[in-house]
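Work through the exercises below with the sequence and the coordinates at hand. Each task is followed by a solution in steps.

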Amino acid sequence: MADMVFQKSDVDIFSGNAESEKKISKKRSVFFIVVLTVIFLFLLVEVVYYLLVIPTTSKPNIQFRGNDKISLVKLKLLSGLQGDESWRSINTFELAQRFSTYPLIESVNVEKKFPDKVLVNIIERKPVAIGFTTIDGISIPLKIDKYGVIFEVGVCEFKALPVISGLSFKNAKIGMQVNKSLLPLFMQLEKLQIEFGGLMNEISEIKIVEKKFGGYELLVYPVKTPVHVRTQDLLTGDVLKYIMLVVDVINGTGVVSSIREVDIRSGNAVYVKQGVNDE
């Protein structure tokens with residue numbers, strides 16, 4: 001078999017090709033390094049801009065949630081912001097304090113989110129009862145929430161809300177709170193409206209009556225009868241059901257006109273006739 005013979009010119013060609021490949025490979029490496037460096041620098045600039053420049057220079061994008069009755073105009077006024085503040089300069093605690101001073105707001109939570117958002121989550125006060133006060137000889141309705149706080153004075157909607165009487169206010173004003181001993185009653189009213197809304201609609205008035213030796217009891221006035229029901233100081237779902245049962249019974253007997261009151265404080269219904277004094 002014939003031996004292969006390489007001439008010098010052939011070796012030079014192979015050597016030149018190898019050096020050319022090395023140069024091309026080196027150029028490719030440099031190109032990729034440059035590209036990666038540019039991409040890295042671009043991302044670095046983006047991160048710096050996102051984390052430092054935007055929060056420091058951009059105006060806060062304030063978003064309100066939970067405000068059904070309070071207008072955006074009112075909330076912006078309450079914020080106290082002038083419009084030239086940066087996102088970073090916003091103090092969430094101070095902002096929450098400003099909103100909390102408004103009587104129609106029960107609670108508020110303020111949080112900041114990158115890069116420029118400020119989220120204001122509001123829980124508005126909701127009435128559980130209507131009270132009344134007298135101003136210049138005129139009876140004025142008051143909206144009272146579950147914490148016993150008066151948060152609106154004047155025109156009030158009476159739909160699906162019981163009237164609470166027997167309260168005494170001196171110079172009643174927005175932000176005033178009822179006596180602490182009555183707070184369990186107002187907390188319970190909210191619970192009853194959620195769980196027994198239909199039965200609560202059958203109650204027109206709840207009168208608070210002070211006892212001689214401290215504490216209080218309730219006179220409940222159903223819608224369907226002129227006879228009121230006397231019960232203990234806390235109105236529960238079971239008590240409410242029993243009151244409605246008693247109302248149905250007396251309405252069905254035809255003796256409503258002879259009954260002044262039904263006393264269920266002992267757990268049993270005791271009928272008090274007209275003309276009989278309270279014990």
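This is a predicted model: local features need pLDDT of at least 70, side-chain atom pairs count only at pLDDT 80 or more; totals for chains, interfaces and linings use all residues.

**Exercise 1. Salt bridges of lysine 146**

Task: Find which glutamates form a salt bridge with lysine 146, and state where the partners lie in the chain.

Solution: 
- Step 1. Searching the whole structure gives 10 salt bridges.
- Step 2. One of the partners of lysine 146 is glutamate 106, with 3.9 Å between the closest N and O atoms. This falls inside the cut-off, since a salt bridge requires the nitrogen to be within 4 Å of a carboxyl oxygen.
- Step 3. Glutamate 106 belongs to strand β2 (residues 105-113), while lysine 146 sits in the loop between β5 (138-145) and β6 (150-153); the two are 40 residues apart and link distant parts of the chain.
- Step 4. Lysine 146 also meets glutamate 190 in a salt bridge, at 3.5 Å from N to O.
- Step 5. Glutamate 190 is in helix α4 (residues 183-195) and lysine 146 in the β5 to β6 loop, so this pair ties together parts 44 residues apart in sequence.

**Exercise 2. Accessibility of the three partners**

Task: Classify lysine 146, glutamate 106 and glutamate 190 as buried, partly exposed or exposed.

Solution: 
- Step 1. The relative accessible area of lysine 146 is 16%. Buried means under 20%, so lysine 146 is buried.
- Step 2. Glutamate 106 has a relative accessible area of 25% and is partly exposed.
- Step 3. Glutamate 190, at 26%, is also partly exposed.

**Exercise 3. A salt-bridge network**

Task: Examine the salt bridge between aspartate 263 and arginine 265, and state which residues its network joins.

Solution: 
- Step 1. The closest N and O atoms of aspartate 263 and arginine 265 are 2.6 Å apart.
- Step 2. Aspartate 263 is buried at 13% relative accessibility, whereas arginine 265 is partly exposed at 31%.
- Step 3. Through shared partners, salt bridges join Glu217, Arg230, Arg260, Glu261, Asp263 and Arg265 into one network.

**Exercise 4. Helix α4**

Solution:

Definitions and conventions
Residues are numbered from 1 along each chain as its sequence is written. Side-chain values use heavy atoms; hydrogens and water are left out. A salt bridge is a side-chain nitrogen of Lys or Arg within 4 Å of a carboxyl oxygen of Asp or Glu. Helices (H or I, at least four residues) and strands (E, at least two) are DSSP runs, numbered from the N terminus. Buried means under 20% relative accessible area, exposed over 50%, partly exposed in between (1.4 Å probe, protein chains only).
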